[in-house]
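I opened the notebook to go through this chain.

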Amino acid sequence: MKFHFREHKNPQFEEGPKTLREHVLEDLEKTKYELDTAYRGFDYVTDPDLIDCYIYDINAILKRYKYLLEQMEALSAVPMPEYPVSDTETAVTAFIG
């Protein structure tokens, strides 16, 4: 099950450009929410095909969550200057270069 997250921007609370660390933290929060949703869906299905789908989704989400945790660890281990990342540039592409 694929989820699309929409950012609601309120110009009244615009804080300026986000740093790479903030983008990764935001991605971690979204991934955690998606994982919780997948586990809840898995608990309520009875069809074997849907069970397989949820197992596949949970494994994929766990891999993404692990990857993001590794990115946070890498950001914390190496002192990097906190530079703003544009809205069109994701945290992953900014980290990779």
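How many helices and strands make up the secondary structure of the chain? I found three helices and two strands. I took helices (H or I, at least four residues) and strands (E, at least two) as DSSP runs, numbered from the N terminus. Along the sequence I read the pattern β-α-α-β-α.

Ground rules next. I am working on a predicted model, where local features need pLDDT of at least 70 and side-chain atom pairs count only at pLDDT 80 or more, while totals for chains, interfaces and linings use all residues. Residues are numbered from 1 along each chain as its sequence is written, and side-chain values use heavy atoms, with hydrogens and water left out.

**Whole chain**

I looked up burial for the chain. Of its 97 residues, 25% count as buried. Buried means under 20% relative accessible area, exposed over 50%, and partly exposed in between (1.4 Å probe, protein chains only). The accessible surface comes to about 7,500 Å². Carbon and sulfur atoms hold 58% of that surface. These areas come from the Shrake-Rupley method with a 1.4 Å probe; for residues, only the protein chains shown count as cover.

Then I checked contacts (heavy atoms within 4.5 Å). Among those with a separation of 6 or more, 72% join residues 24 or more positions apart.

**Salt bridges**

I counted a salt bridge where a side-chain nitrogen of Lys or Arg lies within 4 Å of a carboxyl oxygen of Asp or Glu. The count came to three.

K30 and E26: I noted 3.2 Å between the closest N and O atoms of this salt bridge. The two residues sit four apart in helix 1 (residues 20-44), so about one helical turn separates them. K30 is partly exposed at 21% relative accessible area. E26 is buried at 18%.

K32 and D36: this salt bridge spans 3.0 Å, N to O. Both residues belong to helix 1, again four residues apart, about one turn of the helix. K32 is partly exposed at 38% relative accessibility. D36 is partly exposed too, at 28%.

E34 and R64: I got 3.1 Å, N to O, for this salt bridge. E34 lies in helix 1 and R64 in helix 2 (residues 48-77), so the pair ties together parts that are 30 residues apart in sequence.

Is E34 buried or exposed? I have E34 as buried, at 7% relative accessibility.
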